[in-house]
Structures are given as C-alpha cells and as structure tokens.
Amino acid sequence: MHRARADASGTVKTAVADFDYRDTSGEPKDQTAQHAARMREFDQLLRKKLPAQRGYRLVPLDCGKPRCSTTSLGPKGLLAAARKTDARLLVYGGIHKMSTLIQWGEVQVLDLKQDKVLLSRTFTFRGDTDQAFRRAAGFIGGMLEGVGPKQ
C-alpha cells in the first residue's frame with residue numbers, strides 16, 4: 001500500500017466518485033429503487049467517514065450528471081472530472097450483487113498527480129439490507145485510513 005504526500009495544510013485533497021452497482025443475482029423481485037437508495041447512502045457514509053480521518057480533505061466531483069461514477073462517465077471521463085477538482089486522490093469503485101446473500105465490491109485509490117494506483121482491493125459482504133451496506137461503507141472507510149498522507 002502506498003501513501004500520497006499531504007499538501008502544505010497537512011491534508012490530501014480527495015475526490016470520491018459515486019460507487020457503481022450491478023445486480024446479477026437473478027432474483028425475481030425488482031430491487032432497483034432499494035439498491036439505488038442504499039448506494040446513495042453508501043456514498044454519503046463513505047464521504048462522511050473520510051474527512052473524519054486525519055489527513056483527508058474532500059473536494060466535490062462535478063460531472064454534470066446525476067451520478068459521477070465510472071459507469072456514468074467512463075474511466076477517462078471520471079479521471080477528467082477528478083482532475084478538474086485539483087484533487088490529489090480519486091476514490092472510486094463498485095458493488096456487484098452475485099446472489100441473495102453475497103455482494104462483491106471493489107475500491108481503488110488513484111494518485112492523480114503520479115498516475116499511480118495506491119490501493120486496489122476487493123471486498124465481500126453478506127446481506128442485502130440497509131445495515132449491510134452501512135457496515136460495508138464503514139469497512140471501506142476504515143480501509144482507506146491507511147492510504148492517507150505521509151506525516
């Protein structure tokens with residue numbers, strides 16, 4: 001795992017993209033609305049957790065779309081939007097519902113100035129409930145603590 005250098009204020013400007021969601025579980029019930037709401041809360045919780053950790057200063061992504069994610073913008077578009085913010089780090093990823101119980105996620109942290117991936121991790125969590133998504137957001141936020149700036 002690598003670390004990004006802090007700026008003069010002791011913080012690293014960080015843009016957090018909206019995480020994508022994909023459901024290939026094949027469940028008969030349409031849960032699109034519930035998953036969209038859970039992903040909005042997941043994104044909000046992650047953005048709330050990072051500034052609470054020492055060394056992160058969030059900068060908003062403005063992409064002109066309802067969601068600023070890899071799926072909505074494409075990889076090049078997401079990078080361009082993040083670079084417009086003057087962020088040093090970009091946090092992005094997604095969650096994939098594989099079955100009724102299992103969800104897989106990926107999170108990446110990119111150092112935009114060095115074009116270097118600082119973190120690329122896969123994670124899993126059980127359940128398709130609000131609480132399961134909250135726990136996953138908390139877990140990812142904690143995982144990102146180690147990617148913060150050098151002191």
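Which residues of helix 2 are buried? They are G74, L78, A81 and A82, where buried denotes a relative accessible area under 20%, exposed one over 50%, and partly exposed anything in between, computed with a 1.4 Å probe on protein chains only.

## Basis of the model

This is a predicted model, in which local features need pLDDT of at least 70 and side-chain atom pairs count only at pLDDT 80 or more, whereas totals for chains, interfaces and linings use all residues. Residues are numbered from 1 along each chain as its sequence is written, and side-chain values rest on heavy atoms, with hydrogens and water left out.

Helix 2 spans residues 70–84; helices (H or I, at least four residues) and strands (E, at least two) are DSSP runs, numbered from the N terminus. Although helix 2 has 15 residues, its end C-alpha atoms are only 16 Å apart, short of the 21 Å that a straight helix would reach, the expected span being 1.5 Å times one less than the number of residues. Helix 2 bends by about 80° at K76, the bend being the angle between axes fitted to the seven residues ending at a position and the seven starting there.

Strand 4 (89–97) is included in what covers the buried residues of helix 2, with contact taken as heavy atoms within 4.5 Å. After helix 2 comes D86, whose phi is positive, near 65°.

## Nonpolar cores

The largest nonpolar core has 25 residues, of which F42, V91, V107, V109, I140 and L144 touch the most other members; such a core is a set of buried Ala, Val, Leu, Ile, Met, Phe, Trp, Tyr and Cys residues joined through side-chain atoms within 4.5 Å. At least two residues of this core are supplied by each of strand 1 (12–16), helix 1 (32–52), strand 4, strand 5 (102–111), strand 6 and helix 3 (130–144). Helix 3 gives the largest share of this core, seven residues.

Not counting residues up to four places away in sequence, L144 touches L46, L50, Q53, Y56, V91, V107, V109 and L119. Another core, of 13 residues, lies apart from the largest one and has A17, C68, L78 and A87 among its members.

## Salt bridges

The structure holds eleven salt bridges, each being a side-chain nitrogen of Lys or Arg within 4 Å of a carboxyl oxygen of Asp or Glu. In one of them R38 pairs with D128, the closest N and O atoms being 3.0 Å apart; because R38 lies in helix 1 and D128 in the loop between strand 6 and helix 3, the pair ties together parts that are 90 residues apart in sequence. R38 counts as buried at 14% relative accessibility, and D128 likewise counts as buried at 14%.

R38 also meets D130 in a salt bridge (2.8 Å, N to O), a pair that links helix 3, where D130 lies, to helix 1, where R38 lies, across 92 residues. D130 is partly exposed, at 35% relative accessibility. E27, R38, K97, D128 and D130 are linked in a network of salt bridges.

A further salt bridge joins D43 and R67, with the closest N and O atoms 3.2 Å apart. D43 belongs to helix 1 and R67 to the loop between strand 3 (56–58) and helix 2, so this pair ties together parts that are 24 residues apart in sequence. D43 is buried, with a relative accessible area of 1%, while R67 is partly exposed at 27%.
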